[in-house]
Amino acid sequence: MANKDFLKIIKKQRSKSKKKKFQGTLLEYLDIIQEDPSAVQLAHRRLYDVINNKGCKTVDIDDDGYRGIFNGDKIRTYDYFKEEFFGMELIINKLMRYMKSAALKGEESRQVLLLMGPVGAGKSALTEHVKRALELAEPAYHLDGCPIREEPLHLIPRSLRPEFEKILGVKIEGDLCPICRHRLINDFNGEYEKFPVKQSSFSQRGRRGIATVPPMDANSQDVSVLIGTEDISKLDLYPEDDPRVLSLNGAFNVGNRGIVEFVEVFKNEIEFLHTMLTATQEKRVPSPGKNDMIYFDGVILSHCNEAEWNRFKGEHTNEAILDRVMRIEVPYVLELDQEMKIYEKMINRSDFKGAHIAPHTIKIASMFSIMSRLKTSNKCDILTKMKIYNGEDIIEKGKVRKVDIRDLKDEARKEGMTGISTRFIMKALDAALSDSDRNMITPISVMESLSKQVKEQIIAEDVKETYLEIIQKIIREEYLRILETEIAKAFITAYEEQAQSLFESYLDNAECYTTGANVKDKITREEREPDEKFMKSIEEMIGVVGSARDGFRSDVTSYMFSKMRRGETIDFKSYGPLREAIEEYMIMSVKDISRIVTRSRSRDDDQKKKYSEMVSTLIEEYGYDEWSAEEILTYASNNLWRDS
């Protein structure tokens, strides 16, 4: 690209029209408020509005996709978070409930919001995303030259505020900072209506309304990080109590009217956190030196892990701060589909996306992370529990097994606070890709990488044994089941059409059997009795035998007709038990030949043709490439159908 092309791009960017920011006096600002009272906003209201206005909706709790996961709880989803966070709907709901209450000036507006959870659960990412929301807010009006960018209405004398509030339709809160008070008296002779007002945006990099406090070493903690300092170079010119010596550049000064974030908050000594006490309940923070306290309006966000929280909570001398904390637990994700979306997002933002990732690879890795976080239960095994949490139907003898998610979660209230983190999984995926000679990863290579990572990284022997059993037994067996089904399906031409045809045939026969009618042939129009042999061959696939058949056929018929009455489309996937039966029926019909072809070392011409067709199907329809298809078929031949 020539220099002139670069220059063209630069000029185009500079020529973009930018909205002119307001610059005027307090009197002109009052005119703006009269026209639009929403120009005056406290920090919590501003943050809540900018997120909420991006779009939100209440999830339909009758929707099958959500009923199983949230158990009928009312859930609101927010568009601002939906592309970044998965499986965190409940956490985000709690966060936004806090924001809404604080925006309405409830007690939460005087509380520190604490996100507490294990490493890698998304606390920091969620906090960063919330801070970025403020950068999307409309520029705020503030006193020109004020180091804390305070609300211009602070200029209004307290004696006149009731009258101004009535005219403007807003509530005036807060007082002038010492620096602006000095300027008002000395530079403007007390004529506050002439004080200049301007607009500016929020910016984390520009330290405008967004401040971050990292954990401080006990030996170097200095409260000036929070409240600013006195400018030593000016102490020779002015007395100590003169506001002109103040350098208000601390976190509470920078984050005024915006956000102050405390990273790993309880790594700090208690003395360092005392500023929080007045910042929350009194909305005032100390000023450096001998000046009066300074009004503070801001959202205080903090995060920590559970061990630090328990340690801090155990000290009875910390009760004053604990009483000012609104804690939200941020556990690991426990829904398989949502966990997979996390890794897909991370992979798409890395150079990983140039590699070939075989089908089920991300699912296998996600299964391990989810099962490592689950507690054992007497109600079901850990694999079944994972599927229930994912909203999947568990089919047993032709019926959907009813297991109450709330019961499972009630018996394991701290579930998700321990286990494998997303970072651990990503490191295993990295390692699997690094070890590959063909720039690809498969479920097989990921299982090997996970096992290696567990052996090298997990210290506690009992935990190591549990994790290895999950990978080498539970996940391996589940993957073999998935693989067996997939290879068999690869033999079936027009799989969906054949399954639909079987479904329609079964439904016709079951309906006539239930109502005592005859089945009418669609081509010859001849009538015949329901095909008992055909129905039995389908039902036996899921263990429906004997007297249970009548109930199953009646259930299928009534379920399908109830969906039709509601105007819903029905197909072979509509009813879980019947879908499983049809799929098993189709797969069983080709398993024998798939066993021969995958296991045969010296194939005849016919077998070579079928094998080649199967590889093509795996590549074209299932998303494998040539090498990953060969790898999984080799794995299948060595691990499936050993007794055949």
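Trainee: Before I dig in, what does buried mean here?
Mentor: Buried means under 20% relative accessible area. Keep in mind that this is a predicted model.

Trainee: Okay, then is Ser 628 buried or exposed?
Mentor: Ser 628 has a relative accessible area of 0%, so it counts as buried.

Trainee: Where does Ser 628 sit, and what does it touch?
Mentor: Ser 628 belongs to helix H27, which covers residues 626-639. Setting aside residues up to four places away in sequence, Ser 628 touches His 356, Ala 358, Met 440 and Thr 442.

Trainee: And how many Å separate the C-alpha atoms of Ser 628 and Asp 5?
Mentor: That separation is 43 Å, with the two residues 623 apart along the chain.

Trainee: What about Lys 489, buried or exposed?
Mentor: Buried, because its relative accessible area is 17% and the cut-off is under 20%. Lys 489 is part of helix H21. Leaving out neighbours within four places in sequence, Lys 489 is in contact with Tyr 495, Glu 583, Ile 587 and Tyr 622.

Trainee: Pick Ile 582. What does it touch?
Mentor: Not counting residues up to four places away in sequence, Ile 582 touches Ala 499, Leu 502, Phe 503, Ile 538 and Phe 572.

Trainee: New topic, sheets. What's the strand order in the three-stranded one?
Mentor: The order is S1-S6-S5, in an open sheet with antiparallel pairing. Strands S1 (23-25) and S5 (140-143) each have a single partner strand, so one side of each has no neighbour in the sheet. On average, neighbouring strands are turned by 35° against each other, direction ignored.

Trainee: How many bridges join S1 to S6?
Mentor: Three, and S1 and strand S6 (residues 196-200) run antiparallel. Gln 23 stands opposite Lys 198 in S6.

Trainee: Which helix packs on that sheet?
Mentor: Helix H2, residues 26-35, which touches S1, S5 and S6. The direction of H2 makes about 105° with that of S1.

Methods. Residues numbered from 1 in each chain as written. Predicted model: local features only at pLDDT ≥ 70, side-chain atom pairs only at ≥ 80, totals over all residues. Heavy atoms only, no water. Contact = heavy atoms within 4.5 Å. Helix = DSSP H or I, 4+ residues; strand = E, 2+ residues; numbered from the N terminus. Buried < 20%, exposed > 50% of the residue type's maximum accessible area, 1.4 Å probe, protein only. Pairing = 2+ DSSP bridges. Axes fitted to C-alpha atoms, helices over the stretch in contact; angles between N-to-C directions.
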